[in-house]
Amino acid sequence: SRNFLSEKQDLAGLYYGGINRHPVLPSVRMTVMSAAILLFLVIDPFGNIPFFLSALKTVDPSRHTRVVVRELLVALGVLVLFLFAGPGIMRALQISEPSLTVGGGVILFLIALRMVIPSSPHLEAAPPGEPFIVPLAIPYVAGPSALAAVLFITSREPSRRWEWLVAVVFAWAVSGLIIALASRLRHVLGDRGLLALERLMGMVLVAVAVQMLMTGFAQFVGSL
């Protein structure tokens, strides 16, 4: 059980060298893999499959792959931009570490609730022609939640930005592969299977968000 607790804390990416002044919290740094898993959960590729398929209805099937790859590359560019601009934004806003942790926890908790208890899906009719940037790249892949997660990760340890770049690319690549195989996955798993996977990912994200909130409050109390 101790190993499981350590892995859970590492996945949340909540314990860094800067908070060992608190006697209760150990100093465990977020790994590249835990950051990649967190970003993968936030991007939620399984939940995006119905939206991608709906947006591509009016596109010539022979161009589906080219359009999806183009939109995924645009989304990657936006994520990388926020990765390198994040620390500067946080410094300009003078946001403290506990505030960043609590804020990140609140955002992830709201995202997770939407995944676990989704509202009735409403797919808007796709406009004629190929989608360009909106809505496939932004906000389906590089949406506010994914950008906030990238901002949170890189702002905690900006000196490891190249490691975070590996995490972003890994999460993006796995998500992109799932989205590229959207039609096949929907045929194999069905709508119920996709919904079950999305809710499972949401449950994991709820645990991560709660851990982040607890750590943020502990950091604040420890700094008093």
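Mentor: A helix here is a DSSP run of H or I with at least four residues, and helices are numbered from the N terminus. On that basis, Pro-139 is placed in helix H6.

The peptide bond that joins Ile-138 to Pro-139 is cis, with omega near 15°. A cis peptide bond also runs from Val-134 to Pro-135, where omega is near 5°. Whereas Pro-139 belongs to H6, Pro-135 sits in the loop between helix H5 (97-116) and helix H6 (136-141).

That loop between H5 and H6 also holds Ile-133. Ile-133 is a residue other than glycine, yet its phi is positive, near 70°. With a relative accessibility of 27%, Ile-133 counts as partly exposed.

A positive phi in a non-glycine residue is found at Asp-44 as well, with a value of about 55°. Asp-44 is located in the loop between H2 and helix H3 (45-55). Its relative accessible area is 9%, and because the cut-off for a buried residue is under 20%, Asp-44 is classed as buried.

Two packed helices are described by the angle between their axes and the distance between the axes. Helix H2 (residues 32-43) packs with helix H7 (residues 144-156) at an angle of about 160°, and their axes are 9 Å apart. Angles over 145 degrees count as roughly antiparallel, and H2 and H7 are therefore roughly antiparallel to each other. Their crossing is right-handed. On the H2 side, the contact is made by Ala-35, Leu-38, Leu-39, Val-42 and Ile-43, and on the H7 side by Ser-145, Ala-146, Ala-149, Val-150 and Ile-153. Sorted by class, this contact of H2 with H7 comprises 9 nonpolar residues, 1 polar residue and no charged residues.

The confidence of the prediction should be read alongside these features. The mean pLDDT of the protein is 81, with 83% of its residues at 70 or more. Confidence is highest in helix H8 (residues 161-180), at a mean of 96, and lowest in helix H1 (residues 2-12), at 46. Over residues 1-9 the pLDDT stays under 50, and the model has 5 contacts for them beyond four places in sequence. The pLDDT is also below 50 over residues 11-27, a stretch with 45 contacts in the model beyond near neighbours in sequence.

Notes
Residues numbered from 1 in each chain as written. Predicted model: local features only at pLDDT ≥ 70, side-chain atom pairs only at ≥ 80, totals over all residues. Heavy atoms only, no water. Axes fitted to C-alpha atoms, helices over the stretch in contact; angles between N-to-C directions. Helix = DSSP H or I, 4+ residues; strand = E, 2+ residues; numbered from the N terminus. Parallel < 35°, antiparallel > 145°, perpendicular 65-115°, else oblique. Left-handed = near helix turned anticlockwise from the far one by under 90°. Contact = heavy atoms within 4.5 Å. Nonpolar A, V, L, I, M, F, W, Y, C, P; charged D, E, K, R; others polar. pLDDT = per-residue confidence, 0-100. Buried < 20%, exposed > 50% of the residue type's maximum accessible area, 1.4 Å probe, protein only.
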